[in-house]
Amino acid sequence: MRPNVRRNNEKRIILTTDIPVIEIRDLHKSYGSLEVLKGVDISAPAGHVVSLIGSSGSGKSTLLRCANLLEDSQQGDVLFCGEPVVWKGAGLNRRPADRAQITRIRTNLSMVFQQFNLWAHMTILQNVMEAPVTVLGRDKAEVEASARKYLDKVGIGDKCDAYPAMLSGGQQQRAAIARALCMEPKALLFDEPTSALDPELEQEVVKVIKDLAAEGRTMIIVTHDMRLAADVSDHVVFLHMGKIEEEGPPETLFGAPKTERLQGFLSATVPA
Ligand SMILES: Nc1ncnc2c1ncn2[C@@H]1O[C@H](COP(=O)(O)OP(=O)(O)O)[C@@H](O)[C@H]1O
Ligand SMILES: [Mg+2]
């Protein structure tokens with residue numbers, strides 16, 4: 001967290017701390033007897049970009065899904081803008097106590113998946129408009145204007161009437177990002193957004209993500225693209241077998257990794 005110094009009307013200096021948009025404390029998550037997250041803490045302050053890196057199976061997607069409350073967890077806290085998720089029950093029986101709270105939090109956190117997950121039977125514009133109209137109940141004409149704006153922003157404003165199958169993977173992923181933005185979320189969560197793309201298409205999506213970071217969007221990005229993580233992140237977290245093995249600013253994590261595990265991971269993933 002970044003401490004802020006603010007002055008009130010009497011010119012006294014008050015020290016405050018920004019409340020993170022997403023905060024996870026000591027999170028434990030098991031699938032049956034398999035413990036996948038073994039006490040993880042992660043925080044995404046407003047305007048910050050946090051990248052999650054680690055080998056396949058280390059628990060990155062699970063952590064993101066727990067942050068978005070798509071998965072239950074057995075121990076620890078999930079806080080959204082300082083508001084803790086309320087649970088009932090314990091251990092494998094722990095569940096969110098307040099469905100309305102979960103829906104409210106989830107609609108404020110938009111997720112972008114590796115496989116785009118666009119509706120095949122809807123045009124790109126309809127895909128982007130769907131959730132704000134049906135889930136948030138917003139005015140259709142207003143949502144359409146905003147959907148067109150976001151499609152323009154990601155560079156596919158001319159694809160409004162096309163169906164997903166008519167678009168390249170890079171265009172489909174940019175449509176999925178426009179769809180996420182159209183919910184006007186407090187934070188964006190990306191799970192390997194460029195992994196399904198050919199290298200040249202990957203770059204068009206990387207550019208959009210970099211633009212969003214430059215705008216000061218709050219984001220958590222799971223990525224195998226170390227260059228992207230190094231370029232956009234304020235903070236990088238290296239997950240290993242469900243635990244945070246090392247974390248810090250990208251310069252330190254990529255420039256001077258301390259643990260052997262991170263050194264090994266980076267030498268295996270970063271081209272020489
Ligand atoms: N729905 C599930 N049921 C059972 N095991 C799962 C499920 N999802 C993930 N896992 C297991 O949890 C571990 C972490 O998976 P995941 O979070 O997808 O890792 P990553 O995204 O880092 O590759 C893996 O061992 C995986 O097999
Ligand atoms: Mg994953």
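Q: Take a residue as near a molecule or strand if its C-beta atom, placed from the backbone, lies within 6 Å of it. Which residues surround ligand 1?

A: Y31, L34, V36, G54, S56, G57, S58, G59, K60, S61 and T62. This is a predicted model, where local features need pLDDT of at least 70, side-chain atom pairs count only at pLDDT 80 or more, and totals for chains, interfaces and linings use all residues. Residues are numbered from 1 along each chain as its sequence is written, while chains are lettered from A and ligands numbered from 1 in the order in which they are written.

Q: Which elements give two or more residues to that shell?

A: β4 (34-44) and α1 (60-67). The largest share, three residues, comes from α1. Helices (H or I, at least four residues) and strands (E, at least two) are DSSP runs, numbered from the N terminus.

Q: And by class?

A: Three nonpolar, seven polar and one charged. Ala, Val, Leu, Ile, Met, Phe, Trp, Tyr, Cys and Pro count as nonpolar; Asp, Glu, Lys and Arg as charged; the others, Gly among them, as polar.

Q: New topic. How is the chain divided?

A: Into domain 1 (18-88 + 96-106 + 188-272) and domain 2 (109-184). The bounds come from an automatic or database domain assignment. Their centres, taken over C-alpha atoms, are 23 Å apart. Domain 1 puts 16 residues into the contact and domain 2 puts in 15. Contact means C-beta atoms, placed from the backbone, within 7 Å.

Q: What is the side of domain 1 that touches domain 2 made of?

A: Ten nonpolar, two polar and four charged residues.

Q: What does V128 contact, leaving aside neighbours within four places in sequence?

A: A147, Y150, L151, A175, A178, R179 and C182.

Q: Last one: T218. Buried or exposed?

A: T218 is buried, because 22 other C-beta atoms lie within 10 Å. Buried takes 20 or more such atoms within 10 Å, exposed 12 or fewer, partly exposed in between, with C-beta atoms placed from the backbone. T218 sits in the loop between α6 and β12 (219-222).

Q: How far is T218 from V50?

A: 168 residues in sequence, but 8.3 Å in space, C-alpha to C-alpha.

How values were computed. Contact = placed C-beta atoms within 7 Å.
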